[in-house]
Amino acid sequence: MTSAGGPPPSTDEIRAARQLLDRAERVLVLTGAGMSAESGVPTFRGSDGLWKNHRPEELATPQAFARDPRLVWEWYGWRRDLVRECSPNAGHRALARWAASRDGVSIVTQNVDGLHEAAAAEVAAEAGAVGPDPLRLHGSIFRARCTECAEEDTHDCPVDTRERGTLPHCGHCGGLLRPAVVWFGEGLDPATLDTAFRTAGEAGVCLVAGTSAVVQPVASIPLATLRSGGQIVEVNPARTPLTHMASHVLNGPSGILLPDLLAVPG
Ligand code: NAD
Ligand code: ZN
């Protein structure tokens with residue numbers, strides 16, 4: 001885990017942050033890779049982020065895919081296998097329960113692992129309570145998009161990376177498929193981003209969990225809440241560029257702190 005950002009929060013600090021959330025008519029929850037760390041999905045910047053000695057920043061780029069699509073698909077195949085073995089953790093579950101139990105919660109995630117959706121499905125199956133669908137800013141590793149015609153669909157079958165010809169190709173035009181995720185150096189879908197910023201501007205509180213808040217423009221989403229008079233609550237075991245702007249900083253893992261903060265079982 002990254003360097004500690006301070007002592008764990010006291011019961012009083014958690015209660016004060018909870019009151020703020022309870023009083024807010026609308027809350028935007030912004031999550032990042034740290035949210036899934038306790039499920040066993042490595043963060044990119046953590047010590048276990050390497051694959052075959054490649055750094056994610058070297059593989060998750062359009063240039064890397066253009067140079068060696070087999071290598072990039074092999075990495076995504078490995079990540080899919082890894083994520084398939086993972087389950088939502090107590091943080092995902094608490095958030096899903098809480099979001100389904102009250103009005104006015106929106107979840108915006110940078111995660112591509114589908115674990116928010118899996119937690120929401122668990123809660124819906126067990127309690128019949130349906131929460132909001134998370135807005136996925138960076139796509140999903142279980143979807144693919146055509147590099148020629150841009151057709152996108154679910155893609156969860158094994159990928160044969162022996163040769164370029166065995167890589168997945170488009171059923172419509174025969175073009176090479178790529179993972180439907182946003183890579184470093186690529187722009188986000190403008191409509192999705194617009195929705196995220198608008199929702200943040202309407203929220204009384206932006207709860208930020210498990211993101212290093214260094215990748216723009218996503219790191220600026222909580223600032224839209226601040227600009228319209230709202231406040232930030234941050235959950236992270238390390239300091240981030242948002243920490244000094246947050247009204248409440250809960251220092252620690254989201255799997256432990258979110259059930260406490262949201263006062264729901266994880
Ligand atoms: P990041 O790897 O840059 O940062 C992760 C953050 O999580 C750090 O601030 C770290 O201190 C914090 N963290 C670590 N353990 C935590 C825990 N148990 N509880 C709460 N916080 C914890 O991740 P990022 O900021 O999300 O940016 C990297 C990009 O890579 C993302 O935009 C995403 O698209 C992609 N990514 C996704 C996944 C996933 O879907 N699970 C995993 C790795 C990377
Ligand atoms: Zn196509």
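Trainee: Is lysine 52 buried or exposed?

Mentor: Buried means under 20% relative accessible area, exposed over 50%, and partly exposed in between, with a 1.4 Å probe and protein chains only. Lysine 52 has 55% relative accessibility, so it counts as exposed. This is a predicted model, in which local features need pLDDT of at least 70, side-chain atom pairs count only at pLDDT 80 or more, and totals for chains, interfaces and linings use all residues. Residues are numbered from 1 along each chain as its sequence is written, chains are lettered from A and ligands numbered from 1 in the order in which they are written, and side-chain values use heavy atoms, with hydrogens and water left out.

Trainee: What is the phi of lysine 52, and where does the residue lie?

Mentor: Helices (H or I, at least four residues) and strands (E, at least two) are DSSP runs, numbered from the N terminus. Lysine 52 sits in the loop between S1 and helix H2 (56-59). Its phi is near 45 degrees, a positive value in a residue other than glycine. Alanine 263, in the segment after helix H9 (254-262), also has a positive phi, of about 55 degrees, although it is not a glycine.

Trainee: Which residues coordinate the zinc ion (ligand 2)?

Mentor: Donors are N, O and S atoms within 2.8 Å of the metal (3.2 Å for Na, K and Ca); water is not among the atoms, so sites may look incomplete. Here the SG atoms of Cys146, Cys149, Cys170 and Cys173 coordinate the zinc ion at 2.3 to 2.4 Å. The spacing of these donor residues in sequence is C-x2-C-x20-C-x2-C.

Trainee: Why is the arrangement around the zinc ion (ligand 2) called tetrahedral?

Mentor: Four donors count as tetrahedral if all angles lie between 85 and 135 degrees. Ideal angles for four tetrahedral donors are 109.5 degrees. The four donor atoms around this zinc ion subtend angles of 97 to 117 degrees, and therefore the arrangement is tetrahedral. As for accessibility, cysteine 170 is buried at 9%, whereas cysteine 173 is partly exposed at 43%.

Trainee: What polar contacts does ligand 1 make with arginine 45 and glycine 210?

Mentor: A polar contact is a pair of N or O atoms within 3.5 Å; within protein, one must be able to donate a hydrogen and the other to accept it, and residues adjacent in sequence count only if both atoms are side-chain atoms. An oxygen atom of ligand 1 lies 2.3 Å from a side-chain N or O atom of arginine 45. An oxygen atom of the ligand is also 3.2 Å from a polar backbone atom of glycine 210.

Conventions: Four donors count as tetrahedral if all angles lie between 85 and 135 degrees; four count as square planar and six as octahedral if opposite donors are over 155 degrees apart and all others between 65 and 115; anything else is irregular.
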